[in-house]
Number of protein chains: 2
Amino acid sequence: MDNKQISKAVIKRLPRYYRYLGELMQEGVERISSNELSEKMKVTASQIRQDLNNFGGFGQQGYGYNVSYLYNEIAKILGIDKQHNLIIIGAGNLGQAIANYANFERRGFMIKGMFDVNPRLIGMTVRGIEIYPIEQLESFIKENDVQIAALTIPKAKAEEMAEKLVSYGVKAIWNFAHTDLNLPKDVVVENVHLSESLMRLSYKVSNMDTGK
Amino acid sequence: MDNKQISKAVIKRLPRYYRYLGELMQEGVERISSNELSEKMKVTASQIRQDLNNFGGFGQQGYGYNVSYLYNEIAKILGIDKQHNLIIIGAGNLGQAIANYANFERRGFMIKGMFDVNPRLIGMTVRGIEIYPIEQLESFIKENDVQIAALTIPKAKAEEMAEKLVSYGVKAIWNFAHTDLNLPKDVVVENVHLSESLMRLSYKVSNMDTGK
């Protein structure tokens, strides 16, 4: 993999390639052409060739892509060939939904613990993952080499908590709170704003109706 | 609002404008210039002017935008000035997390019910929203004028369920299952693929590390 800047748009599409390649591997497919992949993924074949050329062109003319090779190369690019330690802040339904999703571990994301302020939740486990009191956050992050924190708490507390997490050594925030976080530039933030997603859906539905 | 095509990129940004304008209204702000909004939202002022010009230019030179007018106009464009009836398929943690989020109702999304195959969940309520057996799905959709279904079930069952929902009259699927749905073109699909979001975060973390 060379060092040239890969565009955000390509990076955004890579996880989807990764998902499809994983499914192909499960089906026992060893090679696939850009045309076949195009049909499966509903993306043009030229887009696929362009995207995958960014990484040094794993495809060979008339021969197609080696599925498992491409799968592993994309994993390396995405950094999911390494282990990342993750904690979840907020052990409500959303936090528990994330804890319950075993697939994250298969992709190298190890959920080390959950944290909550609600004393009734402390000591409970979700799929073997324990819920700790928020007072233990700092020592836990340092002892468990935690890099990523999923933030599933109300927006009023989100900014303050994110700043704390960063001061304790967390490098990346997976932010589910409905607010944008103002953090130092070297902290990674990935937002999942569900209400914005629902509004985009609403736009599409409304636009479809008026188009009739 | 004129009928010209609004680009996907602009639509994607509108919910964020809407969120910021709502916060400004809560703070009692009546007017805001593109420069002030630019600083708050960390988007260039020229981008803001360009985006908002799409809707006939609510801004006046040297005077700024009328916050509540812009807020309401964006609501109309997004279709959230009208009521949308929504159901949740899958009453696990993720489904319950969505049911618990009262803000959706303030934006016109009325959660009418949840559905699950697990008999132990039937009859329970989450924030007053009842969980019904999946057998009642068809009649419920028809009787409650349900337009939108949030799909929070495992991917193995997602496609089949989505097809059923569409055949019962649902117009839009808010898809949380980790798969792409192949549905007729006139059905709206908005995907929330959490594992893809986590992989993008992983890429950013990995890239940051190597950049040091």
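Student: Which residue in E6(A) does Val126(A) stand opposite?
Tutor: The model is a predicted one. In it, Val126(A) has Ile129(A) of E6(A) opposite. Two bridges join E5(A) to strand E6 (residues 129–133) of chain A, and these strands run antiparallel.

Student: What is the strand order in the open sheet of chain A?
Tutor: The order is E5-E6-E4-E3-E7-E8-E9, making an open sheet of seven strands with mixed pairing.

Student: And which strands stand at the edges?
Tutor: They are strand E5 (125–126) and strand E9 (188–191) of chain A. Each has a single partner strand, so one side of each is left without a neighbour in the sheet.

Student: What holds paired strands together in general?
Tutor: Strands of a sheet pair through backbone hydrogen bonds, and they do so either parallel or antiparallel.

Student: Switching to chain B: why is E4(B) described as largely enclosed?
Tutor: Strand E4 (residues 109–116) of chain B has eight residues, and six of them are buried, so the strand is largely enclosed by the rest of the structure.

Student: Which strands does E4(B) pair with?
Tutor: One is strand E3 (residues 84–89) of chain B, joined to E4(B) by six bridges in a parallel arrangement. Here Ile89(B) stands opposite Phe115(B). Another is strand E6 (residues 129–133) of chain B, which pairs with E4(B) in the parallel sense over three bridges. In that pairing, Asp116(B) stands opposite Pro133(B).

Student: Now helices. What does H8(A) lie across?
Tutor: Helix H8 (residues 155–167) of chain A lies across strand E3 (84–89), strand E7 (148–151) and strand E8 (172–175) of chain A. The helix runs at about 170° to E7(A).

Student: How far does H8(A) reach from its first C-alpha to its last?
Tutor: H8(A) reaches 19 Å with its 13 residues, close to the 18 Å expected at 1.5 Å a residue. After the helix comes Gly169(A), whose phi is positive, near 115°.

Student: Which residues of H8(A) are buried?
Tutor: The buried residues are Ala158(A), Met161(A), Ala162(A) and Leu165(A). The buried residues of H8(A) pack against E3, helix H7 (137–143), E7 and E8 of chain A.

Student: What about the largest nonpolar core: which residues touch the most other members?
Tutor: That core has 108 residues, and those touching the most other members are Ile74(A), Phe104(A), Trp174(A), Ile74(B), Phe104(B) and Trp174(B). Apart from this core lies another, of 23 residues, including Ala149(A), Ile153(A), Ala158(A) and Leu183(A).

Student: What does Trp174(A) touch?
Tutor: Leaving aside residues up to four places away in sequence, Trp174(A) touches residues including Ile98(A), Phe104(A) and Val192(A), and also Leu194(B), Ser197(B), Leu198(B) and Leu201(B).

Student: Last topic: what rotation superposes chain A on chain B?
Tutor: A rotation of 180° with 0.0 Å of shift along its axis does so, with an RMSD of 0.0 Å. The two copies are therefore related as by a two-fold rotation axis. In chain A, the C-alpha nearest the axis belongs to Asn93(A), 2.5 Å from it. The same surface serves both copies, since 100% of the contact residues of chain A recur in chain B.

Terms used. Residues are numbered from 1 along each chain as its sequence is written. Chains are lettered from A and ligands numbered from 1 in the order in which they are written. This is a predicted model: local features need pLDDT of at least 70, side-chain atom pairs count only at pLDDT 80 or more; totals for chains, interfaces and linings use all residues. Side-chain values use heavy atoms; hydrogens and water are left out. A nonpolar core is a set of buried Ala, Val, Leu, Ile, Met, Phe, Trp, Tyr and Cys residues joined through side-chain atoms within 4.5 Å. Buried means under 20% relative accessible area, exposed over 50%, partly exposed in between (1.4 Å probe, protein chains only). Contact means heavy atoms within 4.5 Å. Helices (H or I, at least four residues) and strands (E, at least two) are DSSP runs, numbered from the N terminus. Two strands pair if DSSP finds at least two bridges between them. Copies are superposed by least squares on the C-alpha atoms of residues with pLDDT of at least 70 in both. Axes are lines fitted to C-alpha atoms, for helices over the stretch in contact, and angles run from 0 to 180 degrees between N-to-C directions. The expected span of a helix is 1.5 Å times one less than its number of residues.
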